[in-house]
Amino acid sequence: MALYWKGFCIACKGIPTTIWVSIVALLVGALLGLLLALGSQGKNKVLKAICRVYIDVVRGTPMIVQALVFAYGIPQLLQANGIMFKWPYLVIPAVMCCGLNSAAYMSEVVRSGIQAVDKGQMEAARSLGMSKRMAMRLIIIPQAVKIILPAFCNEFVTLIKETAVLSYVGVIEILRRGALWNAQSFETFPAYIGVALAYMLLTIPLTMIIGRH
């Protein structure tokens, strides 16, 4: 039992990194997701096509592949073209990868939230002399935020779990902590049970809180 407790405690040392990456990635994903949602609903066909391609590419490829491209593929590509580049901290491409990945999913959530707002709201705002942009900013988006808030919170829980793929690019988060201890002690089962418990420590309370609101 002591080994399981030790595995859990070691895995918990990666919680700050996991939480930090998840929060920053969620904020990046929410902001970029809003822009993608607005772009995909606009009248500009070129911008609409770019947003659609981005969303399809990101949602159609595994996050681990995206993490490897950001962490190792981009530096190698730049070096092959004579630009010496190396990430100062691997957590930077990790946050970028998670944020850009989250944006593709958040864009669909935001788009559905905007569409769920009664069309009469836009018509009423325009009749009062508001421009479409002002009506979106002051009337539509605030109402859409209330609609998408549960999905936004669920995305945070999902991101916490998905950050596990970052262990493959050297980010020392929960899974990486457990894997390193396993490599040192060869206590595979206690190490990964500890990792599972550390993730549950984060996700179960958050899920319960979301379910009550």
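Accessible areas come from the Shrake-Rupley method with a 1.4 Å probe, and for residues only the protein chains shown count as cover. By that method, the accessible surface of the protein comes to about 12400 Å², and 69% of this surface belongs to carbon and sulfur atoms. The model is predicted: local features need pLDDT of at least 70, side-chain atom pairs count only at pLDDT 80 or more, and totals for chains, interfaces and linings use all residues. Residues are numbered from 1 along each chain as its sequence is written, and side-chain values use heavy atoms, with hydrogens and water left out.

**Overall build**
- The protein has nine helices and zero strands, where helices (H or I, at least four residues) and strands (E, at least two) are DSSP runs numbered from the N terminus.
- Along the principal axes, the C-alpha atoms fill a box of roughly 70 × 55 × 25 Å.

**Packing**
- Of the 213 residues, 38% count as buried, meaning under 20% relative accessible area with a 1.4 Å probe, protein chains only.
- Among contacts (heavy atoms within 4.5 Å) with a separation of 6 or more, 75% join residues 24 or more positions apart.

**Charge**
- There are 19 positive and 8 negative side chains, counting Lys and Arg as positive and Asp and Glu as negative, without His and the chain ends.
- The centres of the two sets lie 6 Å apart, with each charge placed at NZ of Lys, CZ of Arg, CG of Asp or CD of Glu.

**Glu108**
- Glu108 is part of helix 5, which covers residues 91–116.
- Glu108 counts as buried because its relative accessibility is 15%.
- Leaving aside residues up to four places away in sequence, Glu108 touches Arg52, Ile55 and Arg59.

Methods:
Buried means under 20% relative accessible area, exposed over 50%, partly exposed in between (1.4 Å probe, protein chains only).
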